[in-house]
Protein chains: 2
Amino acid sequence: APQVDKGVDFANYFCTYGYLYHQKEMLSDRVRMDAYFHAVSRNKHHFRDKAVLDVGTGSGILAIWCAQAGARKVYAVEATKMADHARELVKGNGVDDIVEVIEGSMEDVVLPEKVDVIISEWMGYFLLRESMFDSVICARDRWLKPDGVMYPSHARMWLAPIRSGLTDQKMDEVNCSMNDWRSFIEETESYYGVNMSVLTKAYREENEKYFLKTSLWCNLDPHQIIGTPAVIKEMDCLQATVDEICTVTSQLVHPINIDRSRISAYAGWFDVQFKGSEQNPAKDEVELNTAPDKDGGTHWGQQVFLVNPPIRVNEGDKVNVSFKMSRAKQYHRLMDIEIISELELSSGKRFPPVTTKVAIE
Amino acid sequence: APQVDKGVDFANYFCTYGYLYHQKEMLSDRVRMDAYFHAVSRNKHHFRDKAVLDVGTGSGILAIWCAQAGARKVYAVEATKMADHARELVKGNGVDDIVEVIEGSMEDVVLPEKVDVIISEWMGYFLLRESMFDSVICARDRWLKPDGVMYPSHARMWLAPIRSGLTDQKMDEVNCSMNDWRSFIEETESYYGVNMSVLTKAYREENEKYFLKTSLWCNLDPHQIIGTPAVIKEMDCLQATVDEICTVTSQLVHPINIDRSRISAYAGWFDVQFKGSEQNPAKDEVELNTAPDKDGGTHWGQQVFLVNPPIRVNEGDKVNVSFKMSRAKQYHRLMDIEIISELELSSGKRFPPVTTKVAIE
Ligand SMILES: Nc1ncnc2c1ncn2[C@@H]1O[C@H](CSCC[C@H](N)C(=O)O)[C@@H](O)[C@H]1O
Ligand SMILES: Nc1ncnc2c1ncn2[C@@H]1O[C@H](CSCC[C@H](N)C(=O)O)[C@@H](O)[C@H]1O
């Protein structure tokens, strides 16, 4: 359950989505766009003469595609003032007789009927950041017909050990910042007669939190992956509950497949599938994948969790990982991650587990 | 009066002040530090054996100086968790018998006595951004003795016409962004069958708001000032009311003193004085000035309000300015500025006034 006031949450969360600039960033992500576009346009049987709900329509793009695919009616719900632009865009593309844009938060909106399809682009960094899937679950439980279909239908979270220069770089930044702090202490003492050194520990902690214990956004090169990626979680969007995404725990094994390397970080990403439902499968299954990709990736990139100090590994070793992600105490849309890594050599020898804690902000 | 929920306001406003990093930025501003340090240490008669209130103590620096200047008791109020660090610092500097750090918002705190001095570093960009002076006024009206002294005692807001390459640069950025938008429109149409052109006007407006109609932070070179600076507002901190700072209006005249130039922007800044009170004046008056300074300036810099298109001027001309600053509708800590410029040539000929609207964010 949200730990912050709803007003605070909405004020903070929705502000960026109110800008066309931000919507355009998503609309320019070709991997994302292709996936949704093909999912809809190659599976018209899911839309023809159907009622559709688009949760968080933003610019209205998905709603328009659904209308173009033959939907009888599309309810396009958007919490921000972007709803006005969506309405314009719907009209400008001649589907205003089909798409009804409703400004409001999904949790509060009342529809005149249940729908056959819920479509939504709700995925945040590492799938669950922003916790927007909560709103989709809420919409599903209230407005989807028993035999309805979810777009996307499935989602997976992935983790892999990687090598990266970022860990050394960020450690340098901490050191740099602490050097600077030392001259600051000296100056404050000599010019202003106040000794700041009691705050050194707190300042170091603040810096380590900022530079080392906060996840980084990156579009990695696939060559940086040094162990087999593993699925942390698999979700059927028809079944998933808020409880099960509030805390995600998983035991993973990553065989190392590069010699004389270091795990200097883990990378987390996701993919989602558009497979329809069991009774009503997709004709053409589509996947949206945000894994490291040599052709450039998506606006989601991957989330990188630094391992400090890095762990030396060789081909044939494996890392046994206990993964845990929970929602940040102060703000339910952000996440705290704990990764416990146990290195197991090909000889069977195991090293003491090391714990990495990182916040997704 | 605040138009937003108190919870939303506090969540947004106070978050940065909770970081030592941010406090350090202020503590490293030598101009700021020297002014407060000298104001206190050269006017010990204001502090010796007195009760002092420090509104928003942050790291506790001002409170410690007051104790070092001989105060009997210092109440150091701070809304954020920085209060814990202030407490450590107070202790580390051996004045914990004098300085009492109180975590809470000034509006809610109850003191056991009235005080002789209120000290506070409440100034935001262009003096009033952040609207923190409201809290100082509230503290003054509740807790300052009738013959008490304010530190600082006076404040002034300044405006001057300037020349700057920023206006052209920001216009280029708008053009660049609109060119990019045009290819985006074409791609979205050809790849995804949706015509986005109805949003072009809104996108241009969003861009102009962002690049041209939002004030910029700058430490200007004094040579960029092309007309005589004028005082927009002068405040006696003992007398000032919230009403009078909610909306600030002023008629100004700026004689132009550089030939063949362009007013491409106005710059706004402030200074504050530590003069004590009429009955109890300072022995050594100190001023903190944030005007353009060739030696580098302060962390406040100046706020730059772009004039688009620029106004051509010559030496001997003058600009008659109607200035108005009011609080932003959605958020009382930010400001909306309107500057109406009327160019008057040395011949007496006047040009039609032009209006510049800018938001301070
Ligand atoms: N609970 C909620 N109710 C309504 N809109 C929401 C919501 N939570 C998030 N949103 C909106 O959902 C959008 C997600 S971004 C996706 C936008 C659009 N569907 C596209 O694919 O391009 C944002 O515009 C955000 O404002
Ligand atoms: N209403 C209020 N009640 C308590 N603290 C407040 C406040 N409004 C602002 N503050 C605090 O006031 C501080 C202003 S910054 C100045 C810090 C310190 N006095 C110095 O000179 O270095 C911030 O730490 C902020 O959190």
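**Close-up views of a predicted two-ligand model**

View 1. A:Ala76 sits opposite A:Val101, a residue of β3(A). This is a predicted model, in which local features need pLDDT of at least 70, side-chain atom pairs count only at pLDDT 80 or more, and totals for chains, interfaces and linings use all residues. Residues are numbered from 1 along each chain as its sequence is written, chains are lettered from A and ligands numbered from 1 in the order in which they are written, and side-chain values use heavy atoms, with hydrogens and water left out. Strand β2 (residues 73–78) of chain A is joined to β3(A) by five bridges in the parallel sense. Helices (H or I, at least four residues) and strands (E, at least two) are DSSP runs, numbered from the N terminus, and two strands pair if DSSP finds at least two bridges between them.

**View 2. The open parallel sheet of chain A.** Follow the order β3-β2-β1-β4-β5 to trace the five strands of this open sheet in chain A, paired in parallel. β3 (99–103) and β5 (144–151) of chain A are at the edges with a single partner strand each, so one side of each has no neighbour in the sheet. From one strand to the next, the twist averages 20°; axes are lines fitted to C-alpha atoms, for helices over the stretch in contact, and angles run from 0 to 180 degrees between N-to-C directions.

**View 3. Helices on the chain A sheet.** Here α4(A) lies across β1 (51–55), β2, β3 and β4 (115–120) of chain A, at about 180° to β2(A). Helix α5 (residues 82–92) of chain A also packs on the sheet, where it touches β2 and β3 of chain A (contact means heavy atoms within 4.5 Å). The direction of α5 makes about 170° with that of β3(A).

**View 4. The surroundings of ligand 1.** Look for A:Arg32, A:Gly56, A:Glu78, A:Met106 and A:Glu107, which come nearest among the 21 residues around ligand 1 (a residue is near if one of its heavy atoms lies within 4 Å). A polar side-chain atom of A:Glu78 is 2.7 Å from an oxygen atom of ligand 1. On the backbone side, an N or O atom of A:Met106 lies 2.8 Å from a nitrogen atom of the ligand, and a polar backbone atom of A:Ala79 is 3.2 Å from a nitrogen atom of ligand 1. Taken alone, ligand 1 exposes 570 Å², of which the protein buries 99% (Shrake-Rupley method, 1.4 Å probe). Both α2 (20–27) and α4 (61–68) of chain A supply at least two residues of this shell.

**View 5. The surroundings of ligand 2.** In chain B, the closest of the 21 residues surrounding ligand 2 are B:Arg32, B:Gly56, B:Glu78, B:Met106 and B:Glu107. A polar side-chain atom of B:Arg32 lies 2.8 Å from an oxygen atom of ligand 2, while a polar side-chain atom of B:Ser135 is 3.1 Å from a nitrogen atom of ligand 2. Helices α1 (6–14), α2 (20–27) and α4 (61–68) of chain B each provide at least two shell residues.

**View 6. The open antiparallel sheet of chain B.** Four strands of chain B line up as β9-β13-β14-β15 in an open sheet with antiparallel pairing. The edge strands, β9 (247–255) and β15 (354–360) of chain B, each pair on one side only. Strand β14 (residues 335–344) of chain B runs antiparallel to β15(B), and seven bridges join the two.

Note on methods
Polar contact = N/O pair within 3.5 Å; in protein donor to acceptor, adjacent residues only side chain to side chain.
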